[in-house]
Amino acid sequence: MLLEGFICLADGAVICAFYVAIPFMILMLGRMVKYLMHKAG
């Protein structure tokens, strides 16, 4: 019973962390593209 609750909590935390991380991933991707284009140009 306790383990089941912990698994549910961990699953929710992973989903929450994923949603929080998406904007940072997009931001880092944008910075990488800008940096690569600046180096190429």
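The following exercises, with worked solutions, concern a single protein chain.

The structure is a predicted model, in which local features need pLDDT of at least 70, side-chain atom pairs count only at pLDDT 80 or more, and totals for chains, interfaces and linings use all residues. Residues are numbered from 1 along each chain as its sequence is written, and side-chain values use heavy atoms, with hydrogens and water left out.

**Exercise 1. The chain as a whole**

Determine how many helices and strands the chain has, and what box its C-alpha atoms fill.

Solution. Begin with the definition: helices (H or I, at least four residues) and strands (E, at least two) are DSSP runs, numbered from the N terminus. The chain has one helix and zero strands. Helix α1 covers residues 2–40. Next, consider the extent of the chain: along the principal axes, its C-alpha atoms fill a box of roughly 60 × 10 × 5 Å. Leu-2 and Met-37, 35 residues apart along the chain, have C-alpha atoms separated by 52 Å. For Ile-7 and Ala-17, ten residues apart in sequence, the C-alpha distance is 15 Å.

**Exercise 2. Surface and exposure**

State what percentage of the residues is buried, and classify Met-37 as buried or exposed.

Solution. The classes come first: buried means under 20% relative accessible area, exposed over 50%, and partly exposed in between (1.4 Å probe, protein chains only). Of the 41 residues in the chain, 0% are buried. Met-37, in helix α1, has a relative accessible area of 60% and is therefore exposed. Ile-7 also lies in helix α1; this residue counts as exposed because its relative accessible area is 51%. Finally, take the total: the accessible surface of the chain (Shrake-Rupley method, 1.4 Å probe; for residues, only the protein chains shown count as cover) comes to about 4200 Å², and 80% of this belongs to carbon and sulfur atoms.
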